[in-house]
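Good morning. Please take a look at the structure on the screen, and I will talk through its sheet and its aromatic rings.

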Amino acid sequence: MDILPGIIKLKADTNLKKELESTEEEYSVVAEYTPRSENNYIVFCKIVENSETVFEVKTFAGSREQAKEIVDNWKSNAESIYPKILRALTERKKQE
């Protein structure tokens with residue numbers, strides 16, 4: 001980057017910024033936790049597409065470590081976790 005002339009850097013930054021912003025707007029995975037007490041945390045996980053929440057789940061964690069683990073796992077694996085949850089919610093159980 002240091003060897004590029006200033007005008008080329010500016011054009012690249014401007015063009016890439018638009019592309020990055022449009023990619024970020026299309027799809028994002030969000031996860032965060034909030035403490036309620038020392039051993040009680042609320043964890044929010046969601047998927048946002050085009051500024052609209054398409055999936056959201058809220059759960060509880062019994063420790064800060066567990067809350068952080070859920071958040072990290074969702075951020076890293078939402079693409080595989082989400083379809084599993086959706087499948088579990090929509091599958092019909094066989095009558096016994």
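A residue is called buried under 20% relative accessible area, exposed over 50%, and partly exposed in between, using a 1.4 Å probe and protein chains only. By that rule Phe55 is buried, with a relative accessible area of 10%.

A word on the model. It is predicted, so to speak: local features need pLDDT of at least 70, side-chain atom pairs count only at pLDDT 80 or more, and totals for chains, interfaces and linings use all residues. Residues are numbered from 1 along each chain as its sequence is written, and side-chain values use heavy atoms, leaving out hydrogens and water.Now the rings. Rings of Phe, Tyr and Trp (its six-membered ring) pair if their centres lie within 6.5 Å; planes under 30 degrees apart are stacked, over 60 edge-to-face, and the rest tilted. The whole structure has three aromatic pairs. In one, Tyr33 and Tyr41 have ring centres 5.9 Å apart and planes at 70 degrees, so this pair is edge-to-face. Tyr41 is buried at 9%, while Tyr33 is partly exposed at 24%.

Phe55 and Tyr82 also pair edge-to-face, with centres 4.9 Å apart and planes at 65 degrees. Phe55 is in strand β3 (residues 52-61) and Tyr82 in helix α2 (residues 64-90), so the pair ties together parts 27 residues apart in sequence. Helices (H or I, at least four residues) and strands (E, at least two) are DSSP runs, numbered from the N terminus. Phe55, Trp74 and Tyr82 form one aromatic cluster.

Last, the sheet. Two strands pair if DSSP finds at least two bridges between them. The open sheet has three strands in the order β1-β2-β3, paired antiparallel. Which strands stand at the edges? They are β1 (28-37) and β3, each with a single partner strand, so one side of each has no neighbour in the sheet.
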